[in-house]
Amino acid sequence: RIQRMRGRTRASSIAIATSLVALLLASCSTGAGSPSSSPEPSGDPAQTAALKELTDSALAKYKQKSVIVRVVKDGVDLYTGAAGDSMTGVPATPGMHTRNGAFAFTYIGQTYARMADQKLVNLDDPISKWLPDLRDASKVTIRNLLNMTSGYPDYVYQPAVQDGVQADPYKQWTDDEMIAVALARPNYFEPGTNWGYSHTNYVILGKLLSKITGKSTSAVLSEYVLEPMNLENTSSNAGTPAVPEPALHAFTSERRSFLKVPAKLPFYEEATFWNPSWTTANGAVQTSNIFDMTTSMEIVGSGSQVSPEMYQQQVAPTLVGFGKKDPSGTCPVCRELTPELNYGFGVVLNGDWITQTKSFYGSSASGGYLPSEKLTISVIANTAQDGFGPDGAYLNQNASFSIFTDIANLVAPGLAPPPRSG
């Protein structure tokens, strides 16, 4: 986890993207369009059985209510399956929809990469070209926003959002409101001089897409990502907090401390339909499923829909060695990027893996692609009641990524992503 790329407890879910501490994510053969049941695996039967056992055992090992897994290697389905329940008496299934959180960051990054390939934008242009009234817009480039080097503070960690989303989890937040919360604080650093994870960057990038194209953010993402990748089960749901059926239900105890619920009382509330509008730009707040997550991570990870030059800009570890911690505390998320954990255009570069992770009130998901093996792994994991401590904090904040790593160790021994620490 890159500390505070994703928030912790009070903000833990406050995080769409984030415990990289938070943390640092056109072939559609891996499964665009979701079958109603698990496809027949094409790999080795013994390996398939081992993957099923790993998925089933993850429920108890990581205290999860449900786990959904998909593993594809070079177009071959090694395993697709689910364990546990969506709700009591309702088994989880691979086709169920969930919020995809920071996977939308990956899609925004892919959109800008494709637009740059088409010469519609120059990633090194200052954003003042389109947003002249935004603070320091003449100093901040599109690239600074994409790779988290803008210096804009993260609205997610401010009291207005930290307390606001817990007091009213159904509130509809606007882009301008979130940007205003962020800019009420001083910048973390001068643009281009450090690295710090900030959701604010991707809210601005979403707003910028509309300014550049004259279209809604959701329409631009559909044009550049959802349609060319054939992501038939990924949608912004017309800007509402709806989750299409079949929905994978999520439950959480994270508001226990905020609501002052005594530790001796059971507290585990439904969060499936809480409003995630505060997590990123309007039009980029999406739901998806394990099939579309897998397809999109393979396409982004392989670079099949961008030029070779742009692919290197998206995913090459060019920022390794860049950044530093801020002893003053102005930037709590600033850090040096390492070969084990660094950042591209909306993707977390975890060793040789190109990954993304989301966390939203009781539900996590991780997806990643290993280019050398043409291997894609996706995991959705929703936390069980005993997966929260007496204060409502997660006992396994990054359960989906832990399961992801277990799978990688099984199917690609010696090539699993390094631990996320920070």
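Author: Gladly, and let's begin with F388, which is buried because its relative accessible area is 7%, and buried means under 20%. Please keep in mind that this is a predicted model.

Reader: What makes Y394 buried?

Author: Y394 has a relative accessible area of 11%. The cut-off for buried is under 20%, so Y394 is buried as well.

Reader: Why is the aromatic pair of F388 and Y394 called tilted?

Author: The centres of F388 and Y394 are 5.1 Å apart, and rings pair if their centres lie within 6.5 Å. The angle between the planes of F388 and Y394 is 40°. Stacked needs under 30 degrees and edge-to-face over 60, so the F388 and Y394 pair is tilted.

Reader: And what makes the pair of F360 and Y361 edge-to-face?

Author: Here the ring planes stand at 80°, with the centres 5.1 Å apart.

Reader: How do you know that the charged end of K65 sits over the ring of F251?

Author: The charged end of K65 is 5.4 Å from the centre of the F251 ring, and the distance limit is within 6 Å. K171 lies over the face of W173, at 4.7 Å from the ring centre.

Reader: Let's turn to charges: why do D56 and K52 count as a salt bridge?

Author: The N to O distance between the side chains of D56 and K52 is 2.8 Å. A salt bridge needs a distance within 4 Å, so this pair qualifies. D56 and K52 are four residues apart in helix α2 (residues 45–61), which means that about one helical turn separates them.

Reader: Why are D56 and K52 called partly exposed?

Author: D56 has a relative accessible area of 30%, while K52 is at 43%. Buried means under 20% and exposed over 50%, so D56 and K52 fall in between.

Reader: What about K61 and D406, what makes that pair a salt bridge?

Author: The closest N and O atoms of K61 and D406 are 3.2 Å apart, and the limit is within 4 Å. This pair links distant parts of the chain, K61 in helix α2 and D406 in helix α12 (residues 399–411), 345 residues apart. K61 is exposed, because 53% is over 50%. D406 is buried, because 19% is under 20%.

Reader: Where do R255 and E269 lie?

Author: R255 is in the loop between β5 (251–252) and α9 (256–259), and E269 is in strand β6 (residues 269–270). Their side chains meet in a salt bridge, 2.9 Å from N to O. R255 has 12% relative accessibility and E269 has 16%, so both are buried, the cut-off being under 20%. The structure holds twelve salt bridges, and D136, K139 and E190 are linked in a network of them.

Reader: Finally, which residues touch the most other members of the largest nonpolar core?

Author: Those are Y112, L123, I127, L134, I142 and W278, in a core of 86 residues. Helix α3 (residues 103–117) gives the largest share of this core, nine residues. A second, separate core of 23 residues includes Y62, V69, W353 and V411.

Technical notes
Residues numbered from 1 in each chain as written. Predicted model: local features only at pLDDT ≥ 70, side-chain atom pairs only at ≥ 80, totals over all residues. Heavy atoms only, no water. Core = buried A, V, L, I, M, F, W, Y, C linked by side-chain atoms within 4.5 Å. Buried < 20%, exposed > 50% of the residue type's maximum accessible area, 1.4 Å probe, protein only. Helix = DSSP H or I, 4+ residues; strand = E, 2+ residues; numbered from the N terminus. Phe/Tyr/Trp six-rings, centres within 6.5 Å; stacked < 30°, edge-to-face > 60°. Lys NZ or Arg CZ within 6 Å of the ring centre and 35° of its normal.
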